[in-house]
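Have the sequence and the 3D view open as you read.

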Amino acid sequence: MQVGGLQITRKRKTPRTGRRTAIVDIGSNSIRLVVYQGAARVPAILFNEKVMAGLGKELASTGAIAADSMALAVKALGRFYRLCTQMDVDSIKCFATSAVRDATNGADLLQAATKIGFETSVLNGEEEAELAGLGVLSAMPNAKGIVGDLGGGSLELALVDKGKVLERYSFPLGVLRVADLRAKGKDKLKRHVRKMLKKTGWDQDAQGLPFYLVGGSWRSLARLDMFDSGYPLPVIHHYEMQPQRARRLVSQLARMNKAKLKAVPGLSTSRIPTLDDAAWLLSFIVRYLGSSTMIVSAYGVREGLLFQNVSKAESKRDPLLLATEESGAAQARFPANSKLLGKWIAPIFAEDPPEWQRIRQAACNLGDVAWRANPNFRAERGLVMGLHGNWVGITGAERELLGQALFTSFGGGNSIFAGGGKLASEKATQRAICWGLAMRLGQRLSGGTRNPLEQTQLRKVDGRLEIIMAADLRDLYGDAVAKRHMQLANMLDLEPVLVTE
C-alpha cells in the first residue's frame with residue numbers, strides 16, 4: 001500500500017541537512033499538519049498543529065459534513081499549505097480518513113483541497129489500520145498484540161507481531177459516533193459493539209495480549225490516568241496501564257467536572273467532550289479481548305506512513321539508538337565519538353543484560369549534549385535530555401536510567417537525581433550511576449576526542465579497575481582524570497590502577 005502525495009521542488013535559499021516531509025491528516029475529529037525532518041525511521045518533528053474541525057460530528061444524523069466544519073477545514077488547509085511553502089518542505093503527503101470517505105459531501109472537501117494545492121488520498125479502513133499498526137511497530141519494534149486506533153469516525157484494529165501487521169479491521173465506532181449509539185441504550189450499544197468485534201475472531205486468539213492505544217482521545221485518557229496515579233514523567237509514549245484502569249476512568253469521568261479536567265497537565269480541552277465515550281469504548285474492548293495491559297503509542301498513522309517507505313535494513317535499526325546517535329552527533333563538540341565511548345566503557349559492564357546495554361549505549365550517544373550549558377546546570381541539562389527527549393523504543397523506567405546516567409556523567413554526583421528511582425529498580429539505578437561515572441571518566445581522559453579512547457583501555461580484573469595506556473601517553477593521566485578514576489573505582493568497590501606499557 002502506498003499513499004501518494006504532492007511533491008514540491010524549489011531552489012532553497014539556505015542549505016540544510018535532512019529531508020523535510022509534511023503530512024496533512026484530515027481526520028474525522030481534527031485536521032493536523034506535522035512537518036518532519038531527517039531520517040524517516042526516527043523523524044524529528046519541526047512543527048505540529050491541529051484544528052478541531054469535527055468533520056464527523058453530524059455523520060450519524062445527516063450523513064454529511066456540517067457546513068461550519070467544512071468551512072473550518074478549508075480554512076485550516078489553506079493555512080497549512082501556506083506554512084508548507086514557507087517551511088520549504090520537500091514533499092507533502094495529504095490523506096483523509098473516515099469522515100471524508102463516508103460523507104455524502106466528502107468530495108466537496110477533496111475538491112477544495114485540490115484547489116488549495118493538495119493532492120489528497122482517501123484511505124480505506126484497512127489501509128488506515130495498516131498504517132496505525134506500522135506506526136506502533138516503528139516506535140516499538142517488539143510490539144506483539146492488538147493496536148487500537150480510535151478516531152472521530154472509525155475504530156481501526158490491527159494485530160501485530162514480529163515486526164509485521166498480520167490482520168486489520170475497521171469499524172464505524174469513532175468517538176463521535178459512540179455518543180449517538182449510547183443514546184439508544186447501553187445494552188443495545190454493547191450488543192452492537194460486541195457484534196462488530198466478533199468479526200475479528202479475536203475473542204479467543206487475542207486473550208492475554210497487550211492493547212496498544214493510538215489516537216488523541218485515548219491518549220487524553222492516558223493523560224488523565226497519569227495525573228490520577230501520580231506518574232513521575234510527563235511523557236505519554238509507552239505509558240502503561242492495567243486493564244482495570246479503563247473501567248476506573250469511566251467512573252472517574254462521571255464524577256469530574258470540566259474545570260477539574262482542565263487542570264490535568266497536557267490534557268487538550270478540545271478532547272474533553274469525547275473522553276467519556278472514549279473511556280467506555282476502551283473499557284468494553286479490553287474486557288472483550290482479555291487484554292493483559294494497555295500501552296500508549298505516540299506514533300500512529302502518520303508515522304506509519306513514513307515507516308512504510310524506509311528500506312528493510314533501515315526498518316530493523318533500533319529507533320532509540322538511531323535517534324540518540326543523531327541527536328548526540330548534532331550537539332557534540334568534536335566529530336561524534338559516542339560509539340567509541342560506549343565501546344571504551346563496555347568491558348567493565350560485560351555482565352549487564354542486553355536491555356541495559358542498549359540504554360547504556362544510548363547514554364553514550366548523548367554523552368556530549370550538555371557542554372554548551374552553564375557548568376552549574378549541565379547535570380540538569382543531561383537529565384532533561386534523558387527523561388524528556390522525544391525518544392521512542394524506551395519505557396518509563398528506561399528513561400529514568402538514561403536520565404540518571406547523563407545526570408551523573410555531567411556532574412550530578414553519585415546520588416539519585418531528585419524525584420528519581422520511582423520507576424526503575426534500585427539495582428538498575430545504581431548501575432546507571434556507574435555508567436555515568438564511567439562516561440565522565442572517558443570524557444575527561446579524552447577531552448571528547450577520539451584518539452585517547454582508541455589508544456587506551458578500561459578494564460576490570462582481580463579487584464582492580466585498570467586504565468591501560470602506552471608509556472608515552474602517560475601525560476594524559478592528569479589529576480582530574482585520576483580523581484574520576486577513583487570515583488568510579490570506589491563506586492564499583494575496586495582499586496584504581498594505572499597500567500603503562
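1. A word on the ground rules. This is a predicted model, in which local features need pLDDT of at least 70 and side-chain atom pairs count only at pLDDT 80 or more, while totals for chains, interfaces and linings use all residues. Residues are numbered from 1 along each chain as its sequence is written, and side-chain values use heavy atoms, with hydrogens and water left out.

2. Let us begin with open space. The largest pocket has a volume of about 1000 Å³. On a 1 Å grid over the protein atoms alone, a pocket is an open set of points with protein on both sides within 12 Å along at least five of seven lines, a cavity is a set where a 1.4 Å probe fits but cannot get out, and lining residues have an atom within 4 Å of a point. Points are joined across faces, edges and corners, and a volume is the space filled by probe spheres set on them.

3. Which residues lie nearest the centre of the largest pocket? They are Arg-32, Gly-216, Arg-219, Ala-298 and Arg-302, out of 49 lining residues. Helix 9 (216-229) is among the elements that supply at least two residues of this lining, and its five residues are the largest share. Helices (H or I, at least four residues) and strands (E, at least two) are DSSP runs numbered from the N terminus. By class, the lining has 16 nonpolar, 22 polar and 11 charged residues. Here Ala, Val, Leu, Ile, Met, Phe, Trp, Tyr, Cys and Pro count as nonpolar, Asp, Glu, Lys and Arg as charged, and the others, Gly among them, as polar.

4. The structure holds one cavity of 30 Å³ or more, and the largest cavity contains about 80 Å³ of space. Its lining has 13 residues, with Asn-337, Ser-338, Cys-364, Asn-365 and Asp-368 closest to the centre. Helix 15 (319-331), helix 16 (338-345) and helix 17 (354-365) each give two or more residues; helix 15 has the largest share, three residues.

5. The aromatic rings deserve a look. Eight aromatic pairs are found in the whole structure. Rings of Phe, Tyr and Trp (its six-membered ring) pair if their centres lie within 6.5 Å, with planes under 30 degrees apart counted as stacked, over 60 as edge-to-face and the rest as tilted. Tyr-169 and Trp-202 make an edge-to-face pair, 5.3 Å centre to centre with 85° between the planes. Tyr-169 is in strand 9 (residues 164-171) and Trp-202 in helix 8 (residues 202-205), so this pair ties together parts 33 residues apart in sequence. Together with Phe-171, these two residues form one aromatic cluster.

6. Is Trp-202 buried or exposed? Trp-202 counts as buried because its relative accessibility is 2%; buried means under 20% relative accessible area, exposed over 50% and partly exposed in between (1.4 Å probe, protein chains only). Tyr-169, at 24%, is partly exposed.

7. No disulfide (a pair of cysteine sulfur atoms within 2.5 Å) is found in the whole structure. For Cys-84, the nearest cysteine sulfur is that of Cys-94, 9.1 Å away. Cys-84 is buried, with a relative accessible area of 0%.

8. Finally, Asp-277 lies in helix 12 (residues 275-289) and counts as buried at 10% relative accessibility. Leaving aside neighbours within four places in sequence, Asp-277 is in contact (heavy atoms within 4.5 Å) with Val-175, Val-178, Ala-179 and Arg-182.
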